[in-house]
Amino acid sequence: MFGFLKSPTLSPRLLQLKASPLFNTLTPLELQSIDGLIHERRYLADEIIFDEGEEGQALYLVISGRVLISRLHRGGRELVAELEPGDFFGDMALLDNAPRNAQTRAIDNCELAVFFRGDFMGLMETDAVIGYKIALALARHLGGRLREWMVGASRTEVL
């Protein structure tokens, strides 16, 4: 009788987005609202997703496969992280268009969900509640990463 009050059933793609810390506070209806803003990209094993120094334009969420993040350091490449399904990267690109500070490369054939800065900024104007929830999740993620870095830096100073 009141079918319009029921939460929509989430597709497998939306369930994967919901599992990400970036989107896990969104309701099913809010997830459906951003579904059209998320683009899928596929990369072959060993393919570069973006290179260090390129302008950042999007955030990437790993749907399947694995991604390696590395940066130039003392003439070689330094491993920063290996990411798996559910992880996301390139998050600073949602906030500014500064050059990328690392290279990302597909380890395996992988599928990524891509959220472009322009779409995020438009969302902030058209649906401030959804934009706020995503921005808050992004701020929490960046804050956690900063705290981890600060702990690592203080350990280095002690050693």
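From the N terminus onward, the elements of the protein follow the order α-α-β-β-β-β-β-β-β-β-α-α, which amounts to 4 helices and 8 strands. Helices (H or I, at least four residues) and strands (E, at least two) are DSSP runs, numbered from the N terminus. The structure is a predicted model, in which local features need pLDDT of at least 70 and side-chain atom pairs count only at pLDDT 80 or more, while totals for chains, interfaces and linings use all residues. Residues are numbered from 1 along each chain as its sequence is written, and side-chain values use heavy atoms, with hydrogens and water left out.

Of the 159 residues of the protein, 33% are buried; buried means under 20% relative accessible area, exposed over 50%, and partly exposed in between (1.4 Å probe, protein chains only). The accessible surface comes to about 9500 Å², and carbon and sulfur atoms account for 56% of this surface. Accessible areas come from the Shrake-Rupley method with a 1.4 Å probe; for residues, only the protein chains shown count as cover. Among contacts (heavy atoms within 4.5 Å) between residues at least 6 apart in sequence, 70% join residues at least 24 apart.

R100 is located in the loop between β6 (88-89) and β7 (103-106). R100 is buried but has no salt bridge, and the nearest side chain of opposite charge, E54, is 5.9 Å away. A salt bridge requires a side-chain nitrogen of Lys or Arg within 4 Å of a carboxyl oxygen of Asp or Glu; Lys and Arg count as positive and Asp and Glu as negative, whereas His and the chain ends are not counted. The side chain of R100 does reach the backbone oxygen of A58, at 2.7 Å, and a polar atom of this side chain lies 3.4 Å from the backbone oxygen of G90. Beyond its neighbours within four places in sequence, R100 is in contact with residues including F50, D51, E52, Y60 and A93.

P21 lies in the loop between α1 (12-19) and α2 (28-35). With a relative accessible area of 48%, P21 is partly exposed. Residues up to four places away in sequence aside, P21 touches G86, F88 and A137. The C-alpha atoms of P21 and L138 are separated by 8.5 Å, although these residues are 117 apart along the chain.

M150 belongs to helix α4 (residues 128-158) and counts as partly exposed, at 46% relative accessibility. Together, L146, W149 and M150 make a nonpolar surface patch of about 360 Å². Patches are made of residues with over 30% relative accessible area and no salt bridge: like charges are joined within 9 Å, nonpolar side chains (Val, Leu, Ile, Met, Phe, Trp, Tyr) within 5 Å.

Key
Polar contact = N/O pair within 3.5 Å; in protein donor to acceptor, adjacent residues only side chain to side chain.
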